[in-house]
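Please look over the structure below.

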Amino acid sequence: MLRMCRNQQLRRRRQVLLKQHLKQLQQHGQRWLQQVQQRTACCRVATKRGDTRRHLQLHNGSFHRAIAPVLVIAQCFSLMPVCGIYSPTARGLAFSWRSWRTWYALLYICSTAVDSVFSLNRAAHSLLDVRNVEPIVFHAGNLLGSLCFLQLARRWPSLMRQWSQVEQQLPRHQSWSHRQLLARRIQHVALALFSLSLMEHLLSIISAVYYDFCPSRKDPIESYLYSDGLQLFYVFPYSNWLAWLAKIQNVWLTFSWSYMDIFLMLLGIGLSDLLARITQHLEHVVQQPMPEEFWTYTRTRYRSIVELIYEVDNAVSGLALISFGSNLYFICLQLLKSINTMPSTVHAVYFYFSLSFLIGRSTAVLLFVSSVNDRAREPLRLLRLVPHAAYHDEVSRLSTELSADNVSLTGLKFFNITRKLFLTVAGSIVTYELVLIQFHEDEKSWDCLTQLPLN
């Protein structure tokens, strides 16, 4: 009996010890599992923070960050010599005369000025016709545009700081998609236009090299390079290194001409986005009884955007005048040439693609820039929905400002860029075209006799 009792006690003790060990193992296992879960959670949070910081840097909703890639492309072609384009905030922007970007831009300006002098020299010793005036207008427009970009680069850091201050005062974006929208829209527009510009340039090379209707030299490539540097070879004998320099200069000029339009479009997108954020915020609360402080806040925010638009206009109005003036001239010239008989099918494809792209790009510039004026007047429609009980003096004051202000970009203060300008420009093109057709000669644009003799 005693042995049986002792055996039972031993078994009970063993069971108790096993239960205790099992509890300890469970506790250790739970602690270990919690530690693993905590470490996993910390890794996930750290990863999310890293992604968020990178996402904030790439798409923080600011115009400064959204336009940075486009400015980098411009600097590759010696435009907008600003330092710190990819800085997290606009405070990192700076302009320096000692920067290599500035010296690169000055080199381009000097080479364009020299090239313009050679074009003037060739025109002075030739008959005054369409083909001799066209390079003068092309060079003069690009030279003035490069000077305007250099002047804009000096004002860009302070302009972007003011732009950032205005953005910080506006209502925050509702979601990540809204924050990314401005950067994506700018990048998509720029990519589409750069691609079309490159396609146009490649078509011009193909039509000139493989379908040269009026060869200047035996080698088709040399003939193409010779035609690109006619103003130089009017003075100097032909040489390959000089021909390639002329071609590089031509690529610079072609990009600069297209970039003026693209840059104005992107500015229009950025400014209209600021006004759209004010309008979207009003749409959610305009029919609710809001206190007078809210309308004071809204009016001051709207006024800050308007003052920013005026500052931007002071900085880029010269570029707008050059852009619209050169586009008007080349549209008239291309429409005049469209009457001619094309020497080959490839020439016809390139010509009509170039004409369509020129008209489409000019129309896009006008529509994107005029959207600033359209967005500035949208809040006026919403103010009519304010309830009578919530109609304060600040609402009336805001309505008066919206009605009286003519918020738009201008062409050096000579004209306001609004949708009405489209009809004005179209009427001018028709008028000029009717006058030019009376003096037009079909053979003039494709006449080989006016080419310079071979060296």
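Phe 194 is buried, with a relative accessible area of 17%. That value counts as buried because the cut-off is under 20%. This is a predicted model. Tyr 259 is also buried, and its relative accessible area is 0%.

The structure as a whole holds 23 aromatic pairs. One of them joins Phe 194 and Tyr 259. Their rings are stacked, with 6.4 Å between the centres and 10° between the planes. Phe 194 sits in helix H6 (residues 176-209), while Tyr 259 belongs to helix H9 (residues 240-285). The pair therefore ties together parts that lie 65 residues apart in sequence.

## An edge-to-face pair

Phe 294 and Trp 295 also form an aromatic pair. Here the arrangement is edge-to-face. The centres are 5.1 Å apart and the planes make an angle of 75°. Both partners are buried: Phe 294 has a relative accessible area of 12%, and Trp 295 has one of 0%.

## The aromatic cluster

Which residues form one aromatic cluster? They are Phe 77, Phe 149, Trp 156, Phe 194, Phe 255, Tyr 259 and Phe 263. Phe 194 and Tyr 259, the stacked pair, are thus members of this cluster.

## Helix H3 against helix H9

Helix H3 (residues 68-76) packs on H9, and the axes come within 11 Å. They cross at roughly 160°. The two helices are therefore roughly antiparallel to each other. The crossing is left-handed.

On the H3 side, the contact uses Val 70, Leu 71, Ile 73 and Ala 74. On the H9 side, it uses Phe 255, Tyr 259, Phe 263 and Leu 266.

## Helix H10 against helix H12

Helix H10 (residues 292-337) and helix H12 (residues 393-404) pack with their axes 8 Å apart. The angle is about 20°. That makes H10 roughly parallel to H12. H10 passes H12 in a left-handed crossing.

H10 contributes Glu 292, Trp 295, Thr 296, Thr 298, Arg 299, Tyr 302 and Arg 303 to the contact. H12 contributes Asp 393, Glu 394, Val 395, Arg 397, Leu 398, Glu 401 and Leu 402. The residues of this contact divide into seven charged, five nonpolar and two polar.

## A buried arginine

Arg 122 lies in helix H4 (residues 100-124). Is Arg 122 buried or exposed? Arg 122 is buried, with a relative accessible area of 13%. Ile 136 is 14 residues away along the chain, and the C-alpha atoms of Arg 122 and Ile 136 are separated by 9.7 Å.

## The chain as a whole

The protein chain has 13 helices and zero strands. From the N terminus on, its elements run α-α-α-α-α-α-α-α-α-α-α-α-α.

Of the 455 residues in the protein chain, 44% are buried. Among contacts with a separation of 6 or more, 80% come from residues 24 or more positions apart.

How values were computed: Residues are numbered from 1 along each chain as its sequence is written. This is a predicted model: local features need pLDDT of at least 70, side-chain atom pairs count only at pLDDT 80 or more; totals for chains, interfaces and linings use all residues. Side-chain values use heavy atoms; hydrogens and water are left out. Axes are lines fitted to C-alpha atoms, for helices over the stretch in contact, and angles run from 0 to 180 degrees between N-to-C directions. Helices (H or I, at least four residues) and strands (E, at least two) are DSSP runs, numbered from the N terminus. Angles under 35 degrees count as roughly parallel, over 145 as roughly antiparallel, 65 to 115 as roughly perpendicular and the rest as oblique. A crossing is left-handed if the near helix is turned anticlockwise from the far one by less than a right angle, and right-handed if clockwise. Contact means heavy atoms within 4.5 Å. Ala, Val, Leu, Ile, Met, Phe, Trp, Tyr, Cys and Pro count as nonpolar, Asp, Glu, Lys and Arg as charged, and the others, Gly among them, as polar. Rings of Phe, Tyr and Trp (its six-membered ring) pair if their centres lie within 6.5 Å; planes under 30 degrees apart count as stacked, over 60 as edge-to-face and the rest as tilted. Buried means under 20% relative accessible area, exposed over 50%, partly exposed in between (1.4 Å probe, protein chains only).
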